[in-house]
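Here is a short report on one protein model.

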Amino acid sequence: MWMDHRAAEQATRITNSGHEVLRRVGGVMSQEMQPPKLLWLKENLKESCWDKAAHFFDLPDFLSWKATGLLTRSLCTLVCKWTYCPPDGWDATFWTSIGLEELLENNFSKIGSETSPPGSSLGKGLTMEAAADLGLNPGTAVGASLIDAHAGGLGVIGADVKGFSLPCEHRSISSRMAMICGTSTCHMAISETPRFVPGVWGPYLSAMVPGLWLNEGGQSATGRLIDHVVKGHAGFTQLEAVPFTGGNIYSYLNSHLGQMTKSGSPVDLLTSSLHVWPDFHGNRSPLADPTLKGMVTGLSLSQTLDDLALLYLATIQALALGTLHILDAMKKAGHDISALFLCGGLSKNALFVQTHANATGLPVVLPDQTEAVLVGAAVLGACASHDYSTLQKKRRPGGLIINAILTFLFYRKQHKYFLYSGFWTCK
């Protein structure tokens, strides 16, 4: 499970090794990646797990194996989470240096000796057994997989946005950032040449779009953080008692915040004296420090529903400012992002979307298909069945465009305070 951080000690030791492969993960090995998790298994479950395991899989590759019987791994999983680097492949010196030299046996068969780019057809498709389990025909094409977030990125980043007068309309897709927003958030940016961004994973060749390099920023807790803040507040019992119909607690809070604003005033300004540093589960990007903790400043003794709504808003603003922090790091490394393409559960929260537009000053594009991860997976299947020749052949239509409102000066001030808060949190 990526969110399981028990391998933090192992990740720190790998980072301290200073091996060359760390350049491709922003200079810091995350405990959310597979090398520290494998090392943890060896050191803590050696007899019951490590010694008995014939193969170690990421979930997408495990599902491919169950579907086809093949051990072929996707370049997406191996490159993004296992330090595999095409065209050279595995770096044996890395695995030996961290104490996992056993994985070199039989041409790295336990972690993947055969690879395929995402969307390539795997073997003869579904086995008889898998077809029976799924209610499909044997031989149905199975495409080499993508990690779920990367499938979402593929599902939105190539959207057709002609006619919306967006700054990215007549530029390559390298001017776009895909944000897959759910329990956590992944920030995907691609480029024609490799860009090394401190604290940001990558560059990864052909990990999401063939022939292009991927940088992957992220926040380890976003939807999970919002839930934690709202449901842990003393005013949550008042929220549960509200007799509202339709929607959910977050749509209600969005409406409640609207009622708290002065006529014509943006809701953003309600939190001018309330600030959140959102790294309650560590910082994935761009500080790459899993030991960081969250922080809230500007609290009072009041615990009303209004206070809950304000803290909810401040948390969303902090996450948006965290995205701006990642964008700034990518910009310094040469990325030129002119639009955000959002998908995932949080993209259905209008306040979350609008706040990201306001804080970053960039237009936000929402797909007309609400489940972009499934769209990306469907594109893989279409390529595997040869309905399309490449992943880049199929363009998905865009949907709703959200533009920033005039809160530039407010967020410039908030951003300065955000970075100041981060400085003291790092201390």
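A residue counts as buried under 20% relative accessible area, as exposed over 50%, and as partly exposed in between (1.4 Å probe, protein chains only). The model is predicted: local features need pLDDT of at least 70, side-chain atom pairs count only at pLDDT 80 or more, and totals for chains, interfaces and linings use all residues. Residues are numbered from 1 along each chain as its sequence is written, and side-chain values use heavy atoms, with hydrogens and water left out.

**Salt bridges**

A salt bridge here is a side-chain nitrogen of Lys or Arg within 4 Å of a carboxyl oxygen of Asp or Glu. The whole structure holds 10 of them. The table lists some of these pairs.

| Pair | N to O distance |
|---|---|
| Arginine 284 and glutamate 32 | 2.9 Å |
| Lysine 46 and aspartate 51 | 3.1 Å |
| Aspartate 336 and arginine 171 | 2.8 Å |

Take the bridge between arginine 284 and glutamate 32. The pair links distant parts of the chain, 252 residues apart. Arginine 284 is in the loop between strand E7 (275–277) and strand E8 (295–297). Glutamate 32 is in the loop between helix H1 (8–17) and helix H2 (34–44). Helices (H or I, at least four residues) and strands (E, at least two) are DSSP runs, numbered from the N terminus. Arginine 284 has 7% relative accessibility, so it counts as buried. Glutamate 32 is buried too, because its relative accessible area is 5%.

The bridge between aspartate 336 and arginine 171 also joins distant parts of the chain, 165 residues apart. Aspartate 336 sits in the loop between H13 and E9. Arginine 171 sits in the loop between helix H9 (148–157) and E3. Aspartate 336 has a relative accessible area of 45%, so it is partly exposed. Arginine 171, at 37%, is partly exposed as well.

Lysine 46 bridges to aspartate 51. At 39% relative accessibility, lysine 46 is partly exposed. Aspartate 51 is partly exposed at 44%. Elsewhere, Glu9, Arg13 and Glu43 are linked in a salt-bridge network.

**The sheet**

Seven strands form an open sheet, in the order E5-E6-E4-E3-E9-E10-E11, with mixed pairing. Strands E5 (201–205) and E11 (401–402) stand at the edges; each has a single partner strand, so one side of each lacks a neighbour in the sheet. Two strands pair if DSSP finds at least two bridges between them. Strand E4 (residues 185–191) and strand E6 (residues 213–219) pair in the antiparallel sense over seven bridges. Methionine 188 stands opposite glutamate 216 in E6.

Helix H13 (residues 305–332) packs on the sheet. H13 touches strand E3 (176–181), E4, E6 and strand E9 (339–343), contact meaning heavy atoms within 4.5 Å. The direction of H13 makes about 150° with that of E6. Axes are lines fitted to C-alpha atoms, for helices over the stretch in contact, and angles run from 0 to 180 degrees between N-to-C directions.

**A buried loop residue**

Where is leucine 366? Leucine 366 lies in the loop between strand E10 (364–365) and helix H15 (372–384). Its relative accessible area is 12%, so leucine 366 is buried. Leucine 366 and serine 113 are 253 residues apart in sequence and 38 Å apart in space, C-alpha to C-alpha.

**Helix H4**

Leucine 63 is in helix H4 (residues 59–68). At 49% relative accessibility, leucine 63 is partly exposed.
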